[in-house]
Amino acid sequence: MPAPTLYSSAAGAATARRVLLRPLRRTLLAGLPTAAPPLQSSANTTARSLTISSTVRPTAATTTQQRPLQPRRRPQPLPQTHSPTPQPALLTQPAARRRAYHSHDHPPPPGPFTPAEQALLSAAYARVPQHGFTAEALALGARDAGLLDISPAVLPDGGVFGLIRWHLYTQRTALAGKVEEIFGSSGGGGRDGGDGGEALGKGQAPLTTVADKVEALAWARLQANEAIVGHWQEALAIMAQPSYVPASLKELALLADEILYLAGDVSVDPSWYTKRASLSAIYAAAELFQTTDQSPGFRETRAFLRRRLDEAAQAGATVRSVGEWLIFNAGAAVNVLRSKGVRI
């Protein structure tokens, strides 16, 4: 029986293949670059051979050091050259900025009307006592201002409501310039009576309380309607239209705030809002009453305004008294419960 050889079995054949491939593997591994990652061991010999064959030796082009990328430079702006032709004034003037706060150290913000609108509306307002708040007054005002008859068409809201807003705006802003005159002589505004249109005598003292100042300012604003009171019902009807209600209420709120500010009101509690709301309602009612008042010097309107302000003051005092009573009793109840051992 012959002796078994090295290749007589399958195990022997596998051992022989490993012995023969070992030098070839060492040769291939020796030729790989040092920076290449190590080969991962795998049980499959075919995958290992594919990995070795797919590795490519680096060339001279790939081994050269690449230059770092330079950031792109932004193009420099060209030097500006001044044009010999002058620019229009409307383009060179900065736009007016509106601020949402009040300051004594800065000039007041510009009004809601442009200079062109102010020239047209001021000329048309002189025609209101005769022609009312109508398109005819606007057309005549445009002629008086040296403008075309079609110029009122550029006004917002058709021009008629703009004429009403001009009256509200100018009369509201005019109160600040008449403060010393109004407070120095209240026009019979003392609580002891007197005619509404007469000035104070030398023996009467000027106004000192906030309530009296509020009444005097509100009455002075009502007196400014004397020239156009015959057409004010038509204006109120226009202001009651749904599209004009927000702007009308805004002007009424600004008037109430202006009166209380000029009167020296320094409230910082919720009464700041209630005072302005109640004054707005009182003034609107007094202005509506004024359109039907036939008494000389609008005495009935002055008495109506005084009664409404007195009622508002009494109601405010009652509300404050009730609030103080509720706060006192609530504190007393809490103290009693704490004395009984209740943890509050």
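**Salt bridges and their surroundings**

Tutor: With a relative accessibility of 26%, Arg-127 counts as partly exposed. The classes used here are buried (under 20% relative accessible area), exposed (over 50%) and partly exposed (in between), with a 1.4 Å probe and protein chains only. This is a predicted model, in which local features need pLDDT of at least 70 and side-chain atom pairs count only at pLDDT 80 or more, while totals for chains, interfaces and linings use all residues. Residues are numbered from 1 along each chain as its sequence is written, and side-chain values use heavy atoms, with hydrogens and water left out.

The overall architecture comes before the individual pairs. The secondary structure consists of 14 helices and 0 strands, and the pattern along the sequence is accordingly α-α-α-α-α-α-α-α-α-α-α-α-α-α. Helices (H or I, at least four residues) and strands (E, at least two) are DSSP runs, numbered from the N terminus. Of the 344 residues in the protein, 28% are buried.

A search of the whole structure returns 8 salt bridges, each being a side-chain nitrogen of Lys or Arg within 4 Å of a carboxyl oxygen of Asp or Glu. One of them joins Arg-127 to Asp-144, with the closest N and O atoms 3.0 Å apart. Because Asp-144 belongs to helix α7 (residues 135–144) and Arg-127 to the loop between α5 (115–125) and α6 (128–131), the pair ties together parts that are 17 residues apart in sequence. Asp-144 has a relative accessibility of 45% and therefore counts as partly exposed.

Which residues are linked in a network of salt bridges? Asp-257, Asp-265, Lys-275 and Arg-276 are the members. Arg-276 is buried because its relative accessible area is 9%, whereas Asp-257, at 27% relative accessibility, counts as partly exposed.

The side chains of Asp-265 and Lys-275 also meet in a salt bridge, at 2.8 Å from N to O. Asp-265 is in the loop between α12 and α13 and Lys-275 is in helix α13, so this pair ties together parts that are 10 residues apart in sequence. The loop in question runs between α12 (245–263) and α13 (271–290). The relative accessible area of Asp-265 is 13%, which means that the residue is buried, while Lys-275, at 32%, is partly exposed.

The side chain of Asp-265 has polar contacts to describe as well. A polar contact is a pair of N or O atoms within 3.5 Å; within protein, one must be able to donate a hydrogen and the other to accept it, and residues adjacent in sequence count only if both atoms are side-chain atoms. Under this criterion, the Asp-265 side chain contacts the side chain of Lys-275 at 2.8 Å. The Asp-265 side chain also contacts the side chain of Ser-267, at 3.0 Å.

Beyond helix α13, the loop between α13 and α14 (299–339) contains Phe-298. Most residues other than glycine have a negative phi. Phe-298, although not a glycine, has a positive phi of about 55 degrees. Its relative accessibility is 12%, so Phe-298 counts as buried.

The surface patches remain. Patches are made of residues with over 30% relative accessible area and no salt bridge; like charges are joined within 9 Å, and nonpolar side chains (Val, Leu, Ile, Met, Phe, Trp, Tyr) within 5 Å. Accessible areas come from the Shrake-Rupley method with a 1.4 Å probe, and for residues only the protein chains shown count as cover. Lys and Arg count as positive and Asp and Glu as negative, with His and the chain ends not counted; each charge is placed at NZ of Lys, CZ of Arg, CG of Asp or CD of Glu.

Arg-17, Arg-18, Arg-22 and Arg-26 form a positive patch. Of these, Arg-26 is located in helix α1 (residues 10–30), and its relative accessible area of 60% is why Arg-26 is classed as exposed. A nonpolar patch of about 250 Å² is made by Leu-337, Val-342 and Ile-344, with Ile-344 in the segment after α14.
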